[in-house]
Amino acid sequence: MAGVGFPHPQFASNPGSAVMLFDPARHEPLAHAEWNEDAARTLIERIVHDAEERFSPQSHWPVHPLDAVGDDASPSFDLYCGSAGVVWALQYLQDVGRAQLRHRYEEYVAGLGTLNAQWLRARDFSAADLPSYLIGNTGLTLLALALRGDPVDAASLAALVGRNLHHPARELMWGAPGTLLAARFMHERTGDARWQELFVATARTLWSQMRWSPEFECHYWTQELYGGEWTYLDAVHGFVATAAVLIQGRQLLDETEWAGWQERIVATVRNSVQRDGPHANWPAFLYPPGGSTRPQKALMQFCHGAPGFVICLADLPARDLDDDLVAAGEAIWAAGPLRKGSNLCHGTGGNGYAFLKLYARTGEEKWLARARAFAMHGIVQTETHAARYGRMRHSLWTGDPGFAIYLHDCIEGVGRFPTLEVFFAGA
């Protein structure tokens, strides 16, 4: 693959530097396979076929051992790693012309809200958590709208977004930033003013909840989550995930408000970056939990680390962060594919999306070549894991359907991260 410049498998960071940008033990050498579009198409077809074969309205999809929570292998129903995410992925692949589905899922989706609420309550999540986007009913209602277009679903969705306005998590998965994203998707689809009103109200609430760090000279949020208070910076629970939604919906804000947001986003990202020569990464937390003075884990995956920062910030109009984003891309490439597999949240596919975003931002062909190199490696990982476990992994963010969408985007040479940057295929 001429011109890609394969990373040295032993590279971690400058041996003389105090900064360790990633842990080599979490990564593996890149398989130096030439880009093969036919192989990508074949695996997409296999993933779709297997998902449809394994589906039952009564038993749903079998839970992969890596998605089980301890001994709990009961099916879940959310967008993140449950049934709703699988349906969304299958429908999306059909909508973009990569699949022809044999099943129709409209009736099945209509019952997921009840099943999801039961699943959450059985695990001691309170009713206040149910409006969440990736785990709760906002994502499920948005999916029902995509499949059925029922005005009742639209009214229900608006109510869910409003109920989540002051959620203390202040992050994408459970909190108001996730439901802010749902409002943005609905405004993009319908142009209805109520979605802009909900977006603006949520954004202003989040603005009012920001704290100031005198040490880092920037603003940040705390997340009251899972019984603790955190200062996540990253792309699921943290600052840049919320920044991504605001960047996407900036046209819904007036110019003064957006200018204020952009200034704060740039300051926080710039003042928390860790650099080592031509490479960059960010810690998971602005302030380590419990005031720990131990170095934070050097993570390099979508949910914690540089890949999520690049993906979430690559559409920022200001160019102030370009050097850091390119340095982050170089660090992702130097680290190599993740050992955890091909998935989006903490796998090779998710990291590869950073290259697709840098290709769109810079126009440099090397980033597309690198994205496709990660795709080829991810194909090997997917096939190896399927053989090892005797099954494929049916979930959107942590499994094979999400990787199938990454393969599609590598074929097309574009990158829109599933359910973070795109929900309705035609939008």
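Q: Which residues do the ring pairs link into a cluster?
A: Keep in mind that this is a predicted model. The cluster is made of Tyr80, Phe302, Tyr353, Trp397, Phe403, Tyr406 and Phe417.

Q: And how many aromatic pairs does the count come to?
A: The count is 30 aromatic pairs. One of them joins tryptophan 333 and phenylalanine 355, with 5.8 Å centre to centre and 75° between the planes, which makes the pair edge-to-face.

Q: What does that pair tie together?
A: Parts that are 22 residues apart in sequence, because tryptophan 333 is in helix 12 while phenylalanine 355 is in helix 13.

Q: OK, the core. Which residues touch the most other members in the largest one?
A: Trp88, Leu313, Trp397 and Tyr406, out of 139 residues in that nonpolar core. Helix 14, residues 365-389, gives the most to this core, with nine residues.

Q: What does leucine 313 touch, leaving out residues up to four places away?
A: Leucine 313 touches Val240, Ala243, Ile247, Ile265, Val269, Leu321, Leu325 and Arg361. Leucine 313 is also one of the buried residues of helix 11.

Q: How many of the residues of helix 11 are buried?
A: Eight of the eight, so helix 11 (residues 306-313) is largely enclosed by the rest of the structure.

Q: What covers them?
A: The cover includes helix 9 (239-248), helix 10 (255-272), strand 6 (279-281), helix 12 (322-335) and helix 13 (348-362).

Q: Now helix 4. Which residues are buried there?
A: In helix 4 (residues 112-122) they are Leu112, Asn116, Ala117, Trp119 and Leu120. Looking down the axis of helix 4, these buried residues fall within an arc of 160°, so they line one face of the helix.

Q: What's on the face turned away from that buried side, and what covers the buried residues?
A: The face turned away carries the exposed residues Thr114 and Ala122. Over the buried residues of helix 4, the cover includes helix 2 (83-95), helix 3 (106-110) and helix 5 (137-148).

Q: What happens just after helix 4?
A: Aspartate 124 takes a positive phi there, about 70°.

Q: Where is asparagine 343?
A: In the loop between helix 12 and helix 13. Asparagine 343 is buried, with a relative accessible area of 2%.

Q: What does its side chain reach?
A: The side chain of asparagine 343 reaches the backbone nitrogen of cysteine 345, at 3.1 Å. Leaving out residues up to four places away in sequence, asparagine 343 touches Thr348, Gly349, Gly350, Arg393, Trp397, Thr398 and Gly399.

Q: Last one: where is glutamate 28?
A: In the segment before helix 1 (37-54).

Q: Which side chain does glutamate 28 make a polar contact with?
A: That of glutamine 381, at 3.0 Å. Beyond its neighbours within four places in sequence, glutamate 28 is in contact with residues including Gly336, Arg339 and His377.

Definitions and conventions:
Residues numbered from 1 in each chain as written. Predicted model: local features only at pLDDT ≥ 70, side-chain atom pairs only at ≥ 80, totals over all residues. Heavy atoms only, no water. Helix = DSSP H or I, 4+ residues; strand = E, 2+ residues; numbered from the N terminus. Contact = heavy atoms within 4.5 Å. Polar contact = N/O pair within 3.5 Å; in protein donor to acceptor, adjacent residues only side chain to side chain. Core = buried A, V, L, I, M, F, W, Y, C linked by side-chain atoms within 4.5 Å. Buried < 20%, exposed > 50% of the residue type's maximum accessible area, 1.4 Å probe, protein only. Arc of directions from axis to C-beta. Phe/Tyr/Trp six-rings, centres within 6.5 Å; stacked < 30°, edge-to-face > 60°.
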